[in-house]
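User: Please take me through the labels used for this model. I want the cut-off behind each one.

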Amino acid sequence: MNDWHFVNLFVPTLLPLVFLAAFSLFDLSKMAKLRTNPLAAIKDGQLSWAGLGMCVNGLYELHHLPPEAVLSTPWPTIAFWLMIAMMMLHAFIAAVGPIFPTKRVRHLGLRKTAIHYRVLIASALLTLASASVYSLIHLTTQVWQD
Amino acid sequence: MSKLINKFFEDDERARTIIAAVGLIGGLIVTVLFFLSYWLYH
């Protein structure tokens with residue numbers, strides 16, 4: 001973990017949630033206060049938008065190799081198509097998730113809460129997977145430019 | 001095709017389950033294949 005991870009993975013994913021949480025400090029109407037809960041912003045799979053961005057960055061880095069980079073031939077092509085597949089999954093969750101919104105509930109116990117917020121969990125895990133794949137692509141292709 | 005999609009997404013609970021399952025299973029397959037290809041070919 002270094003500053004690259006912080007700037008490229010954590011900031012784009014978490015900064016909007018920090019702003020939302022910050023808005024709850026203001027004296028807003030009751031309805032607006034309810035909407036400032038960060039859970040409301042991600043419960044329908046919206047984290048996948050951040051994951052989609054990571055996949056796009058990964059594709060960009062795969063196609064803009066520094067001249068010194070020497071990669072064995074099949075891997076960049078395989079990685080390219082797997083990133084496209086990952087992007088399709090993110091796009092599916094980000095687009096279709098909000099069509100069937102998850103109702104907010106009080107804590108039901110860990111297992112039941114996790115099952116209730118399953119779209120959120122799926123988008124969060126998929127975003128984590130994209131972050132790890134994007135890190136690997138960056139470390140493999142661009143690391144000498146840091 | 002339209003009937004099939006209507007059947008799968010007719011009720012919200014089932015639709016959310018399908019969305020989460022597609023994301024989780026697809027993501028798992030893609031991630032495993034990615035690291036496997038890295039290990040095999042890089």
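This is a predicted model: local features need pLDDT of at least 70, side-chain atom pairs count only at pLDDT 80 or more; totals for chains, interfaces and linings use all residues.

Analyst: Helices are DSSP runs of H or I with at least four residues, strands are runs of E with at least two, and both are numbered from the N terminus. By that numbering, A:Leu59 lies in helix H4 of chain A. Residues are numbered from 1 along each chain as its sequence is written, while chains are lettered from A and ligands numbered from 1 in the order in which they are written.

User: Why does A:Leu59 count as partly exposed?

Analyst: Burial is a count of other C-beta atoms, placed from the backbone, within 10 Å of the residue's own: 20 or more is buried, 12 or fewer is exposed, and in between is partly exposed. A:Leu59 has 18 such neighbours, so it is partly exposed.

User: Which residues is A:Leu59 in contact with, leaving aside neighbours within four places in sequence?

Analyst: A:Phe80 and A:Met83. A contact needs C-beta atoms, placed from the backbone, within 7 Å of each other. A:Phe80 is 21 residues from A:Leu59 in sequence, yet their C-alpha atoms are 6.3 Å apart.

User: What makes H4(A) roughly parallel to H7(A)?

Analyst: The angle. H4 (residues 47-63) and H7 (residues 118-141) of chain A pack at about 20°, with axes 9 Å apart. Roughly parallel means under 35 degrees, roughly antiparallel over 145, roughly perpendicular 65 to 115, and the rest are oblique. H4(A) is therefore roughly parallel to H7(A). Axes are lines fitted to C-alpha atoms, for helices over the stretch in contact, and angles run from 0 to 180 degrees between N-to-C directions.

User: Which hand does the crossing of H4(A) and H7(A) have?

Analyst: Left-handed. That term applies if the near helix is turned anticlockwise from the far one by less than a right angle; clockwise is right-handed. Residues making the contact include A:Gly51 and A:Glu61 of H4(A), and A:Ala131 and A:His138 of H7(A). By class, the contact has eleven nonpolar, nine polar and one charged residue. Ala, Val, Leu, Ile, Met, Phe, Trp, Tyr, Cys and Pro count as nonpolar, Asp, Glu, Lys and Arg as charged, and the others, Gly among them, as polar.

User: How do you know that H1(A) and H4(A) are roughly antiparallel?

Analyst: H1 (residues 3-23) of chain A crosses H4(A) at roughly 155°, and the axes come within 9 Å. The pair is therefore roughly antiparallel. This crossing is right-handed. A:Asn8, A:Leu9, A:Pro12 and A:Thr13 of H1(A) meet A:Leu47, A:Ala50, A:Gly53, A:Met54 and A:Asn57 of H4(A). Five of the contact residues are nonpolar, four polar and none charged.

User: How many helices and strands are there in chain A?

Analyst: Seven helices and zero strands. Of its 146 residues, 27% are buried. Its C-alpha trace spans about 55 × 30 × 25 Å along the principal axes.

User: How many helices are there in chain B?

Analyst: Two, with zero strands. Buried residues are 17% of its 42. The mean pLDDT of chain B is 90, and 100% of its residues reach 70 or more.

User: How many residues of chain B are in contact with chain A?

Analyst: 19, against 27 residues of chain A. The chain B side has ten nonpolar, seven polar and two charged residues. For the complex, the predictor gives an ipTM of 0.90 and a pTM of 0.89.

Note on methods: pLDDT is the predictor's confidence in each residue, from 0 to 100. Two residues are in contact if their C-beta atoms, placed from the backbone, lie within 7 Å.
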